[in-house]
Amino acid sequence: MTTTLATDRQDERLQSREGLRGAITDVIERARGGDLGVIPVVVGLVVIWAVLQVLNPVFLSSTNLVNLTLESAAVGVIALGIVCVLLVGEIDLSVGSVSGLSGAVLAVLFVDKGLPVWAAILAAVALSAAIGWVYAQLFNRFGVPSFVITLAGLLAFLGLQLYVLGTKGSINLPFDSALVNFAQLAFVPQWLSYTFAVVAAAGLFASGHLHARERRRAGLSARTTSMLAVRSIALLAVLTFVVWYLGQTRGVGWMFVLFVAMVLVMHYLLSRTKWGRSVYAVGGNVEAARRAGINVRAVYTSVFMLCSSFAAVGGILAAARLAAANQSSGAGDVNLNAIAAAVIGGTSLFGGRGTAFGALLGMIVIQSISSGLTLLNLDSSIRFVVTGVVLLLAVVVDSIARKSRTSHGRA
Amino acid sequence: MSATQQKDSVLSLRGINKTFGAVAALTDIDLDVAAGQVVAVVGDNGAGKSTLVKVLSGVHSPDSGTITFDSKTVDIPSPAAAHRLGIATVFQDLALCENLNVIQNLFLGQELRPLRLNEVAMETRSWELLRQLSAKIPSVRVPVASLSGGQRQTVAIARSLLGDPKIIILDEPTAALGVAQTAEVLNLVERLRENGLGVIMISHNMADVKAVADTVAVLRLGRNNGVFDVNDVSVEDIIAAITGATDNVVSQRRARRKEGLS
Ligand SMILES: Nc1ncnc2c1ncn2[C@@H]1O[C@H](COP(=O)(O)OP(=O)(O)O)[C@@H](O)[C@H]1O
Ligand SMILES: [Mg+2]
């Protein structure tokens with residue numbers, strides 16, 4: 001063994017935990033202390049998939065899972081925005097309406113006014129970003145609670161959506177447009193999907209390896225190369241299997257790839273940039289963040305604008321998938337599904353805790369329930385009830401974990 | 001004695017006044033802090049200690065009076081200005097984010113490489129700072145929520161050292177701590193002195209004051225009520241100055257000394 005201990009391993013109270021075993025022990029210990037991470041959502045997903053598969057053998061078929069990935073993208077993107085606002089300890093209840101409005105604006109500009117599709121998309125996203133900016137001003141200047149502001153927004157922008165759609169109430173997007181094509185028919189060629197999987201695994205290994213080397217040079221402890229290899233190979237195995245299985249039918253949709261790409265970008269921004277750090281800090285202790293010189297108002301503004309922009313993108317994807325924008329776009333369970341996905345994915349309602357990947361995992365849970373119940377021919381009344389119950393369960397898990405953190409001194 | 005500025009002082013206040021509406025929170029306050037000196041500021045509730053800290057940390061501007069830092073007359077209009085000058089403040093509530101780990105708290109607001117955080121450099125620097133304070137923190141990658149009160153105080157003090165300050169102000173650093181943790185923090189103050197920093201320590205605890213301070217400055221009703229060398233003042237005398245029997249104390253002491261001499 002090495003003779004000199006790493007700088008961060010010198011305290012004699014630290015138990016040395018190396019290799020795979022140590023990593024597993026760490027995870028168990030953290031979970032006991034209430035730092036559950038993605039454990040509940042993974043467990044939940046396995047249970048839900050098992051139950052739904054037993055109830056209807058079609059559920060885990062390749063066809064259905066391909067559908068599931070495509071259906072999850074739109075609301076998943078909205079959930080990504082919800083993760084951001086929840087991280088600063090606030091909420092946006094109007095994402096459904098804003099997504100509906102943005103779909104309507106897109107349709108009017110693109111179909112009725114004949115604007116190029118990129119200009120229509122840009123306009124819809126810009127309008128929604130402006131909505132987020134207004135929310136942030138109301139929040140920062142007058143201190144109105146965000147749930148009240150956005151509850152008002154929920155109604156107001158639903159009204160605006162109906163107004164924009166006019167008396168027709170529904171606008172169809174042309175089937176031969178690139179947008180609809182992208183959402184309904186664009187699948188990644190199988191060879192490219194496999195390439196993505198390999199690139200992801202290699203990237204994970206390379207970044208882990210570089211980081212470990214940098215740490216060792218600085219005299220800090222680091223993951224061993226074999227640990228990094230195991231991790232990357234595991235990822236490669238999972239991704240290859242997913243690609244192979246989805247490839248039995250239509251394969252991986254570009255829309256789902258877009259969603260995953262957004263998750264990755266948000267993951268980077270939240271975990272590897274100064275801005276991300278300030279988001280977690282504001283959610284953990286606003287006063288501390290302010291005293292540390294963080295521009296707290298700017299953080300709130302960025303987060304509200306980001307959330308409505310994601311809602312807009314989600315609304316556009318939903319319209320593209322449906323090939324139409326109508327009065328019920330963004331209505332019904334969109335709002336609740338997006339919030340549920342974020343919370344189920346481990347984002348705390350109390351602020352300061354959660355990850356971008358949570359939105360992805362949580363969305364897959366929500367979409368699984370929705371798709372499973374649709375397959376069982378149960379109507380939306382039961383779907384609403386079940387989704388509500390699952391959301392409640394997630395919130396209860398969040399609250400219990402918080403209590404456990406407090407009693408284990410990890411609040 | 002306080003009217004003549006001590007030559008070696010890093011920070012000198014002269015005739016500081018601050019009123020809030022009709023309340024004169026600080027009247028004609030003088031204070032000197034030298035490098036490697038620990039000045040305890042004591043006083044009853046409402047004596048103006050926190051207001052003094054806020055004036056020095058740029059939270060409040062004084063109505064009149066001069067602040068001399070490094071032999072230059074300065075203004076401290078904002079917390080950032082205090083930080084730039086080299087005056088660091090650890091407030092009583094510490095202002096740590098419990099959900100973030102020790103490194104993240106230490107570098108909060110001043111992260112290295114904003115667009116691709118340099119975690120390795122920040123962790124290395126964190127260990128340096130903590131070693132410099134001989135701090136007993138087993139891991140810097142645990143959330144601050146899991147640390148003890150003394151360890152949190154350590155993190156807060158270590159954070160204030162990041163900008164290489166010359167003066168560090170501690171507001172009631174031991175108020176919420178048990179015996180062992182108080183000792184830990186007092187050790188820390190000792191370490192700061194050894195590293196050549198000027199320390200202003202607000203305290204209610206006479207034992208702590210006697211243990212680490214070089215000089216005791218008493219505030220009473222917003223005014224100076226005596227500056228003592230900690231070695232030739234008894235706890236009773238300090239308490240008398242805090243509670244108001246001052247004129248007598250000072251004169252009594254002088255009288256006693258004179259008697260002793262004659
Ligand atoms: N922001 C403020 N507005 C009005 N009065 C204040 C303010 N801050 C302090 N004071 C008053 O100034 C006096 C000194 O207060 P403070 O400095 O907090 O005392 P200490 O910290 O010594 O207990 C008190 O009478 C207090 O009420
Ligand atoms: Mg006070």
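Predicted model: local features only at pLDDT ≥ 70, side-chain atom pairs only at ≥ 80, totals over all residues.

Student: What makes A:Glu287 count as partly exposed?

Tutor: Partly exposed is the band between under 20% for buried and over 50% for exposed. A:Glu287 sits at 35%, so it counts as partly exposed. A:Arg290 gets that label too, because its value is 46%.

Student: Why is the pair A:Glu287 and A:Arg290 called a salt bridge?

Tutor: The rule wants a Lys or Arg side-chain nitrogen within 4 Å of a carboxyl oxygen of Asp or Glu. Here the closest N and O atoms are 3.0 Å apart. That meets the cut-off, so the pair is a salt bridge.

Student: How do you know that about one helical turn separates A:Glu287 and A:Arg290?

Tutor: They are three residues apart in helix α12 (residues 286-291) of chain A, and therefore about one helical turn apart. In general, an α-helix has 3.6 residues a turn, so residues three or four places apart point the same way.

Student: Now chain B. Why do B:Lys18 and B:Asp63 count as a salt bridge?

Tutor: Their N to O distance is 3.9 Å, and the limit is within 4 Å, so the pair passes. B:Lys18 belongs to strand β1 (residues 9-20) of chain B and B:Asp63 to the loop between α1 (49-56) and β4 (64-69), so the bridge ties together parts 45 residues apart in sequence.

Student: Which of those two partners is buried, and why?

Tutor: B:Lys18, because its 11% relative accessibility is under 20%. B:Asp63, at 45%, counts as partly exposed.

Student: Which residues make up a salt-bridge network?

Tutor: A:Asp8, A:Arg215, B:Glu123 and B:Arg141, joined into one network by bridges that share partners. Over all chains the structure holds 20 salt bridges, and five are counted between chain A and chain B.

Student: Why does A:Lys274 with B:Glu111 make the list?

Tutor: The closest N and O atoms are given as 4.0 Å apart. The rule reads within 4 Å, so this pair is listed as a salt bridge.

Student: What makes up the rest of that interface between chain A and chain B?

Tutor: There are twelve residue pairs in polar contact across it, both partners at pLDDT 80 or more. On the chain A side, α8 (190-217), α10 (254-272), α11 (274-284) and α12 each give two or more residues, and α11(A) has the largest share with five. By class, that side has eleven nonpolar, nine polar and eleven charged residues. The contact takes 31 residues from chain A and 34 from chain B, and the two chains bury about 2,800 Å² between them, 54% of it on carbon and sulfur atoms.

Student: Where is B:Ser134, and what is its phi?

Tutor: B:Ser134 is in the loop between α4 (119-132) and α5 of chain B. Its phi is positive, about 45 degrees, and it is not a glycine either. At 45% relative accessibility, B:Ser134 counts as partly exposed.

Definitions and conventions:
Residues numbered from 1 in each chain as written. Chains lettered and ligands numbered in written order. Heavy atoms only, no water. Helix = DSSP H or I, 4+ residues; strand = E, 2+ residues; numbered from the N terminus. Buried < 20%, exposed > 50% of the residue type's maximum accessible area, 1.4 Å probe, protein only. Contact = heavy atoms within 4.5 Å. Buried area = accessible area lost by both parts, 1.4 Å probe. Polar contact = N/O pair within 3.5 Å; in protein donor to acceptor, adjacent residues only side chain to side chain. Nonpolar A, V, L, I, M, F, W, Y, C, P; charged D, E, K, R; others polar.
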